[in-house]
Number of protein chains: 2
Amino acid sequence: MFTLDPAFVATSHPLADLPLCTARLQDDGRYSWIVLIPKRAGARELEDLSSDDRTQLMAEILAAGHAVRAVGEALGRAVEKLNIGALGNVTPQLHIHVVGRRSDDPAWPGPVWGHSPGVAYRTDALALGLGAAQKAFAARLTVLS
Amino acid sequence: MFTLDPAFVATSHPLADLPLCTARLQDDGRYSWIVLIPKRAGARELEDLSSDDRTQLMAEILAAGHAVRAVGEALGRAVEKLNIGALGNVTPQLHIHVVGRRSDDPAWPGPVWGHSPGVAYRTDALALGLGAAQKAFAARLTVLS
């Protein structure tokens with residue numbers, strides 16, 4: 001039975017329930033950043049997913065890229081480059097980061113992971129970002145909720 | 001027409017020619033680290049690949065994970081966690097890092113990207129690592145050369 005690691009609850013907001021993953025918006029208003037967590041109990045590596053799940057994961061990563069771009073557009077900071085990462089050194093539950101990067105963001109050109117503590121969204125920007133990302137997901141995937 | 005960015009030539013060794021990607025062993029003897037570069041001219045993001053190419057890429061990422069583990073075994077330092085990343089902030093040609101991590105490696109638990117300059121392999125370790133990785137790829141994929 002899949003249960004979300006509490007680490008994600010502390011650092012991100014619920015965004016969309018996709019066929020494979022639960023998608024969350026990272027609570028760091030400096031970036032357009034989505035985290036995808038496959039709803040598969042015990043999965044830590046891509047190889048722990050079935051082949052069908054991996055195909056679906058690729059589709060959800062692509063959709064998350066579009067959603068990240070939509071967040072950037074909604075907040076007036078167009079995404080220049082996508083960064084995708086599956087690390088899990090600190091939180092082992094399998095998760096994939098899809099991060100919109102800009103050459104004026106604080107960590108550029110280095111990775112965002114481990115760079116600096118997140119800066120929480122303001123309420124109005126959070127609502128804009130969540131709305132834009134949800135619309136982008138719904139345009140490309142079956143969204144369960 | 002695909003041509004490999006010279007940045008990869010300077011930092012890695014040719015490892016295997018796969019159906020989609022050219023695979024290279026990162027010249028950093030502190031990690032078991034493979035870089036996959038899809039042989040598609042102009043690709044910068046996953047969305048620049050066709051759907052069939054993305055399916056093949058997932059298969060090659062999985063195989064690279066096995067190859068990275070094989071490098072670790074051959075060099076007496078078993079991989080504990082895989083880190084997979086597609087960044088491209090510095091070198092825009094689409095490429096995917098598959099890195100074997102250990103809790104005693106220099107960058108743990110942070111990302112390897114941007115952590116510190118690579119430490120070149122010794123000749124004997126390089127030969128062992130390349131051989132182990134090539135054998136692991138050949139066991140799972142059609143290797144062109």
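What rotation, and how much shift along its axis, superposes chain B on chain A? The answer is 180° with 0.0 Å of shift, at an RMSD of 0.0 Å. That is the relation of a two-fold axis. The superposition is done by least squares on the C-alpha atoms of residues with pLDDT of at least 70 in both copies.

A few ground rules first. This is a predicted model, in which local features need pLDDT of at least 70 and side-chain atom pairs count only at pLDDT 80 or more, while totals for chains, interfaces and linings use all residues. Residues are numbered from 1 along each chain as its sequence is written, and chains are lettered from A and ligands numbered from 1 in the order in which they are written.

**Where the chains meet**

In chain B, Gly85(B) comes closest to the rotation axis, with its C-alpha at 2.1 Å. Gly85(B) is also the bridge partner of Gly85(A). Both chains' β4 strands (residues 81–86 in chain A) pair in the antiparallel sense over 3 bridges. Strands pair if DSSP finds at least two bridges between them. Helices (H or I, at least four residues) and strands (E, at least two) are DSSP runs, numbered from the N terminus.

Looking at the whole interface, 26 residues of chain B are in contact with 26 residues of chain A; contact here says that C-beta atoms, placed from the backbone, lie within 7 Å. On the chain B side, α2 (51–74) and β4 (81–86) each supply at least two residues. That side divides into 13 nonpolar, 8 polar and 5 charged residues. Ala, Val, Leu, Ile, Met, Phe, Trp, Tyr, Cys and Pro count as nonpolar, Asp, Glu, Lys and Arg as charged, and the others, Gly among them, as polar.

**Around β3 of chain B**

Now for β3(B), residues 32–38: 7 of its 7 residues are buried. Buried residues have 20 or more other C-beta atoms within 10 Å of their own (12 or fewer would be exposed, in between partly exposed), with C-beta atoms placed from the backbone. Ser32(B), Ile34(B), Leu36(B) and Pro38(B) point one way, while Trp33(B), Val35(B) and Ile37(B) point the other.

| Partner strand | Sense | Bridges | Residues opposite each other |
|---|---|---|---|
| β2(B), residues 21–26 | antiparallel | 5 bridges | Arg24(B) and Val35(B) |
| β5(B), residues 96–101 | antiparallel | 5 bridges | Ser32(B) and Gly100(B) |

β2(B) and β3(B) also make a hairpin, with 5 residues between them.

Conventions
Two residues are in contact if their C-beta atoms, placed from the backbone, lie within 7 Å.
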